[in-house]
Amino acid sequence: MHSIIIIILIGILLLLDGFGFKAAPSVLAAGIALGVLLIGLPHGGLDQKIGLRLLNHFQRPLALAIFFSSYLLVAATVIAGWFVSPQMTILAFFSLSAWHFGLEEETRENLSWLDQLGGIARGGMVIWIPASFQGEAVTNLLTMIFPAGDSSVGIQVVNTIRVCSPVFMALLVFDTVFSVRSTQTSSGGMTHRDLHRIRVLAFAVLFATVDPLISFGVYFCAWHSIIGLVHLRDQFRFSNFELAQKLLPLSLLAIALFVVGFGVSSTANLFAPAIIQTIFIGLSAVAIPHLLLHVISDSFSLVARELAHE
């Protein structure tokens, strides 16, 4: 059902774009901020529970201290990276995001290396397709985000991504056309494989044609984060209301930190650029420790499954 809804939403956005509908920059920036704060960031709101599972050999106070100190240290390093080495920081952020976006959609176990690479190419569509087809728009967006506002860094990042794009395209074709998926019938008589292919094609067209900020917001908030929230609900066996209660503190904290970050950024930027800079720098500062935590957690889970089968 989620796939069908997202395909319909993409279709509406493509029609609006085709008719020349453009949202005001301030409205677009505010909408992205709202989506990220209320849906995007909360999908990592139970990271401490995952961290405590990994640190279950330590007493709880020590485990909490280790987890939060490590999490905050990585976040602080990422923020510093935007000022010291923005090109390396954004490329690392993009790489980890592509890995996380693609593989979190998978429900199959024991994926081959080729399947995993295909998933990464699919997860990275939101990055490499806009860079390939809308290089100038992506460069302008990156220039807006970088604290120094240096367009040359944005150009270098876009060119680096474009060099890798043919490989990503080949992997995406494999993932979409040749990778084995369930043929179980879904809504309207379509198989999950059919829905997967239509959804990937719809996202590809969206990323190639529509404002990168809009396509990112749709993918991150309406697709990836919803999947993450469903995984959290199922993993910890919460009802929707219980999950919302658990995530409320993080949402309030995110809003408070956003206000602080916006106050700092707005001293040197106009309204819309200040919002966008605050969102992306803040998002990367939270996302990279979140992504690294999932890399470690997934690796431990894989090892545990392999040991159980021996």
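Modeller: The structure holds zero disulfides, a disulfide being counted as a pair of cysteine sulfur atoms within 2.5 Å. This is a predicted model, in which local features need pLDDT of at least 70 and side-chain atom pairs count only at pLDDT 80 or more, while totals for chains, interfaces and linings use all residues. Residues are numbered from 1 along each chain as its sequence is written, and side-chain values use heavy atoms, with hydrogens and water left out.

Cys221 is buried because its value is 8%, whereas Cys164 is partly exposed because its value is 33%.

With a relative accessibility of 24%, Ser132 counts as partly exposed. The side chain of Ser132 takes part in two polar contacts, that is, pairs of N or O atoms within 3.5 Å in which, within protein, one atom must be able to donate a hydrogen and the other to accept it, and residues adjacent in sequence count only if both atoms are side-chain atoms. One of them runs to the backbone oxygen of Trp128 at 2.8 Å. The other joins the side chain of Ser132 to that of Ser165, also at 2.8 Å. Apart from neighbours within four places in sequence, Ser132 is in contact (heavy atoms within 4.5 Å) with Arg162 and Ser165. Val163 stands 31 residues from Ser132 in sequence, with 9.1 Å between their C-alpha atoms.

Gln134 lies in the loop between α7 (125-133) and α8 (135-145). At 14% relative accessibility, Gln134 counts as buried. A polar atom of the Gln134 side chain lies 3.0 Å from the backbone oxygen of Phe207. Phe207 is also among the residues that Gln134 touches when those up to four places away in sequence are not counted. Ile129, Ala208, Thr209, Val210, Asp211 and Pro212 complete that list.

To summarise, the side chain of Ser132 reaches Ser165, and that of Gln134 reaches the backbone of Phe207.

Conventions. Buried < 20%, exposed > 50% of the residue type's maximum accessible area, 1.4 Å probe, protein only. Helix = DSSP H or I, 4+ residues; strand = E, 2+ residues; numbered from the N terminus.
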